Amino acid sequence: MAAVELQHWWYGGMRAINAAMLDRVFGGRRDLRILDAGCGTGGDALFLRRYGTVVGLDLATEALTLARGRIPGRLARGSVLQLPFADHSFDLVTSFDVLYHRAVIDERQALAEVRRVLRRDGRLLIRLPAYEWLRSRHDRQVHTRHRYTAGEVARLLRENGFTVEQLTYALTLLFPISAAVRLLERVLPEPQTESAMELPSRPVNAALRLPMMLEAAYIARGGKWPFGLSIVALARV
């Protein structure tokens, strides 16, 4: 992740989608206090700094070590199940591909903690993987507990005190190719490489990023994609 997340088409495309949703609420703001819950190696925290001050939290010490050079002095080790922050500390909490993890045994507890640390009218921007039938080698590598549907995510948010403002699938235009690759993995031999997120050549990287930029532009206008590999939701407390 640390080696590719600042250049890889998937990460760049997802950040464009995140910006499309956040700009509808926070466009022009630079004063937010933000928690990136499950910050990994810090790439998304770098992006979030355009909206204000970012604090990164992660359970993995290896990730925090790699993130330290990107967001020095604003990192904490901890679990989304017990956030080490005071009540009403943040205007925005982001959680990108975290609650699906097998270490998060109860999403409701994690969402309760997010609600606790958010200020009044604060927002949560969450991303989760879509469709249980699309489990793949990458899911084994990243310890996926569950893949979701949009309906599941909407119910999960509503039942835990959030008002959903925008919810959409993402990585839709490339979905047929991505789904076919994941399904083929089940019958093909395991590759020698350990990572499913290698950086492709520059032309391929640019070509794959373009459809995600188109998706982001549609979402920025309030559009909602009907299917995809990921689900992204913006919700208010």
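How many helices and strands are there in the protein chain? And which residues of helix H4 are buried?

Author: The model is a predicted one, and its protein chain contains eight helices and seven strands. For 237 residues, a compact globule would have a radius of gyration near 18 Å; the chain has 17 Å, which agrees with that expectation. Along the principal axes, its C-alpha atoms fill a box of roughly 50 × 35 × 35 Å. Of the 237 residues, 51% count as buried. When contacts between residues at least 6 apart in sequence are considered, 75% join residues at least 24 apart.

The surface may be described briefly. The protein chain exposes about 11,400 Å², of which carbon and sulfur atoms supply 54%. There are 33 positive and 24 negative side chains, and the centres of these two sets lie 4 Å apart.

Within this setting, helix H4 spans residues 107-117. Its buried residues are Glu 107, Ala 110, Leu 111, Glu 113, Val 114 and Val 117. These residues lie on the same side of H4, because they cover an arc of only 155° around the axis. The spacing follows a general rule: an α-helix has 3.6 residues a turn, so residues three or four places apart point the same way.

Conventions. Residues numbered from 1 in each chain as written. Predicted model: local features only at pLDDT ≥ 70, side-chain atom pairs only at ≥ 80, totals over all residues. Heavy atoms only, no water. Helix = DSSP H or I, 4+ residues; strand = E, 2+ residues; numbered from the N terminus. Rg over C-alpha atoms; globule rule 2.2 N^0.38 Å. Buried < 20%, exposed > 50% of the residue type's maximum accessible area, 1.4 Å probe, protein only. Contact = heavy atoms within 4.5 Å. Areas by Shrake-Rupley, 256 points an atom, 1.4 Å probe, with all protein chains shown as cover. Lys, Arg positive; Asp, Glu negative; His and termini not counted. Charge placed at Lys NZ, Arg CZ, Asp CG, Glu CD. Arc of directions from axis to C-beta.
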